[in-house]
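Me: I have this model open next to its sequence and would like to talk it through with you. Could you take my questions as they come?

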Amino acid sequence: MATTITMPQLGETVTEGTVAQWLKKPGDSVEKYEAFVEVSTDKVNAEVPSPVTGVIRELIVKEGETVPTGAAIAIIDDVAAETPAPNGSPSPSEQVAAASSAEANRQGSDEPVPGGNVGLGGPSYSAPSNGAPETIATNNGANAPQKAIGHDGASINGIRTSPAVRRLAREHQIDLTTVRGSGDNGRITANDVLAAAKAGPSAGVAATIMAPAAAGAVTPPPPAASVSSAAPKTGSAKPSYANAQPGELIALTPVRKIIAQRMVESKHTAPHAWTMTEVDVTNVWKWRAREKDAFEKAYGVKLTLLPFFIRAVVESLAKFPLMNASFTDEGIRVHRDVNVGLAIAADGVLVVPVIRHADQLSVKGIALAAGELIDKGRRGKLGADDLAGGTFTVNNTGANGSILSAPILVPGQTGIVTTEAVVKRAVVRDDDSIAVRSMMNVCLSLDHRVVDGAVASGFLSDLKKRLEAMGPVGSL
Amino acid sequence: MTATAQQPTGTTVMTNVEAVRTTLHDALVRDDRVLVMGEDVGARGNVFLITKGFLEEFGAQRIIDTPLAEASIVGVAIGMAMEGLRPIAEIQFADFIYPAFNQIVGEAAKTRYRSNGDYTCPMVIRTPYGGGVRGALSHSVSIEALFYHVPGLTIVAPSTPADIKGLLNAAIECPDPVLFLEHKKTYRSVKGEVPAGYYTIPIGKADVKKAGTDLSVVSYGYNLHQALDAANRLAGEGVSVEVVDLRSIRPMDKTTILESVRKTRKLLIIHEDNKFGGIGAEISAMVAEEALFDLDAPIRRLAGPDVPAMGYALPLEEEFMTSTDEMVEAMRELAKY
């Protein structure tokens, strides 16, 4: 019996998904709950487990292709399919959406799970009914993928290679897919790589590695390097100070690709303008200092300056609604909801989870919502719904000590502000006295299609006033 | 020590057991501080006749028959060594060394450290080890892994007559305790040329007994000679095997092992002692730490099975001892990997 696998719904609001990578190819056997495809949506990648044990018959969707949720992406021949139907007619297919969580599969749940974690809200599928456990057990015994040789080996493009082979291939710029293996079962040996190296670096690899240097008009490589890269010498050239050495090529992860694509899209589409103001946060800083211990004790979340800042931002957005808008071909869409995105690094990758209806939350509410999102980000649990719907973004660049930055807009948004590091400075006040104050720069990038300088600076100075008026007394 | 007036020249062909005997004899002649003690070393002249005639030549003060009490043999020797003598204590068979474990590990190996260098323990503990001679349960054991964990203890296991002479002289010279292992199956089965006159071989230096390019074999003891036979057989098939004789178990010659592995990129370790936690485990770990990116194949080990002892019955003994055919097969597989 064949099972058609459909694109799962990775989150309540998601309508389509991209096949980032097939982890199996036709003919491969797959265990129930074993990941067989990586699906990416807006910044979220999820490995999708197979709902059945069987053999991949067909991959309908190519890598990189985006299809609506529910569309067929693959066909898996169930274990039962190994016995042909007696009348020779095709087995009835069963529509099965690949569930994105083994947990959900086991529970057979079709209930959306609160919290919007990736895929837990996926639709259910009907489990194959014909004695699945026994069949699966038999299959494990008979059809478990066999190791080629008794030892594990790491692989590059599916080629098992030893550490020495990998090192030599890197040193000599050898594309292992072009090397013929003379070892056991066609394994590429270190000597095979050295023999290939004698013929010069593989054209493909050399081109890939050299391309950035050639394109880098800013710092043209020294002539000697150009010559040596254009005409590879035979034999192994020793690295030296004078000769440029190709660096390591890091393959793009799906997340990296999406970030790159979205950054280019934003910079190319929205004409960025930039402005900055400095804010005296002495009072709000004191307020925070007074509350933070009790707050952390009560709620288990660290109280930072961020929720105070976001609270001031949403108040200013209410006064300058054009800052909470999107430029579209039809016109400027001013959003009714105020959903503030929070740019954070999760696992070394930029993600922007969104605090929904931030304008309806108190400082405390914002702190708790932000704390939850940051925690999810650290644990890699952010789902598509956590990341969707932002209308304005706050970026806490000061956390890393920055005092000035020029952020790139999230595509579709009009403004992004940064909170820079809080530093103590000697400040000349209105009455000409000099005081030590806690100062913070706030930087704003804006989509100049939507607003002009007047609105932007009006927003920024309003934000400054609100922040300086906060604390040190009041309730969170 | 009395200086040798004139260094004789040339070489003499002798067996391993003759190399032990002549080296001991020369040491007794050369240095009044040297003495030999152990079970049956006097009147009986040692069970392998290594010290035959010594009692008559050097007297009962220097050739001491001891009771069957290994802890005492080593313990007394430690005292002698700390007070300036150069005792060579013999444990009749390595299988009997366990009662002396505390004296060796707890006392001898720690003497220099415990006295902050005021005392050293310049003694040699000689013992025949290894199987393949129908020695059964109590006359076949390999003990090196039990002791190589212990800092402060030097362990050597030379396998040819020339190495035995050079390393036994070095062990006697060594200011710290040396466990000197002699594989009993090589006593009379291995012959070789031995340079005349006094010489030492530095402790802690391995020796490339056969150069090759396709894979490295590190071994010692009786296995070393089998490995050399296997390598020579494979040379006829065009497989070039490098055979490294470890010679010193501890300190271990990392440099020679790594040089060889970096050249051939493949490593096979062969020893008779049990595989689990054996010398091969330490060599494997060291190579993995220092030369992973030079390896073109997984490290392989051929070693004794993890059973309590070598059986007396011939099939059991053969099952325990790695055969030369098994070595040929393993080398061939690794070469073509």
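Me: How many of the 337 residues of chain B count as buried, as a percentage?
Reply: This is a predicted model, and in it 52% of the 337 residues of chain B count as buried.

Me: And what share of chain A counts as buried?
Reply: For chain A, with its 476 residues, the share that counts as buried is 37%.

Me: How many helices and strands are there in chain B, and how many in chain A?
Reply: Chain B has 13 helices and 14 strands, while chain A has 12 helices and 20 strands.

Me: What part of the contacts in chain B with a separation of 6 or more comes from residues 24 or more positions apart?
Reply: In chain B such residues account for 80% of those contacts, and in chain A residues 24 or more positions apart account for 65% of the contacts with a separation of 6 or more.

Me: Let's go into chain B. What do S13(B), H11(B) and S14(B) make together?
Reply: Strand S13(B), helix H11 (residues 279-291) and strand S14(B) make a right-handed β-α-β unit. The two strands, S13 (residues 267-274) and S14(B), run parallel and are joined by 4 bridges, and within this pairing B:Leu268 has B:Arg300 in S14(B) as its bridge partner.

Me: Which residues is B:Leu268 in contact with, leaving aside neighbours within four places in sequence?
Reply: B:Leu268 is then in contact with B:Leu215, B:Val217, B:Arg300, B:Leu302, B:Ala330, B:Met331 and B:Leu334. As for B:Ser284, this residue is 16 residues away from B:Leu268 in sequence, and the C-alpha to C-alpha distance between the two is 9.3 Å.

Me: At what angle do H10(B) and H11(B) pack?
Reply: Helix H10 (residues 254-264) of chain B packs against H11(B) at an angle of about 65°, with the axes 11 Å apart, and the crossing of H10(B) and H11(B) is right-handed.

Me: Which residues meet there?
Reply: From H10(B) come B:Lys254, B:Ile257, B:Leu258, B:Val261 and B:Arg262, and these meet B:Ile283, B:Met286, B:Val287, B:Glu290 and B:Ala291 in H11(B). The residues of this contact divide into 7 nonpolar, no polar and 3 charged.

Me: Switching to chain A, what is the order of the open sheet of 4 strands?
Reply: The order is S5-S4-S2-S7 in chain A, and the pairing is antiparallel. Strands S5 (44-49) and S7 (66-68) stand at the edges with a single partner strand each, so one side of each has no neighbour in the sheet. On average, neighbouring strands of this sheet are turned by 40° against each other, direction ignored.

Me: How many bridges join S2 and S4 of chain A?
Reply: Strand S2 (residues 16-22) and strand S4 (residues 35-41) of chain A are joined by 4 bridges, and the bridge partner of A:Gln21 in S4(A) is A:Glu38.

Me: Which strands does helix H7 of chain A lie across?
Reply: Helix H7 (residues 254-269) lies across S2, S4 and S5 of chain A, and runs at about 15° to S4(A).

Me: Last one, how many residues does the contact take from each chain?
Reply: The contact takes 11 residues from chain A and 10 residues from chain B. On the side of chain B that touches chain A, the residues divide into 6 nonpolar, no polar and 4 charged.

Definitions and conventions:
Residues numbered from 1 in each chain as written. Chains lettered and ligands numbered in written order. Predicted model: local features only at pLDDT ≥ 70, side-chain atom pairs only at ≥ 80, totals over all residues. Contact = placed C-beta atoms within 7 Å. Nonpolar A, V, L, I, M, F, W, Y, C, P; charged D, E, K, R; others polar. Pairing = 2+ DSSP bridges. Right-handed = clockwise from strand over helix to strand, strands pointing away. Axes fitted to C-alpha atoms, helices over the stretch in contact; angles between N-to-C directions. Buried ≥ 20, exposed ≤ 12 C-beta atoms within 10 Å, placed from the backbone. Left-handed = near helix turned anticlockwise from the far one by under 90°.
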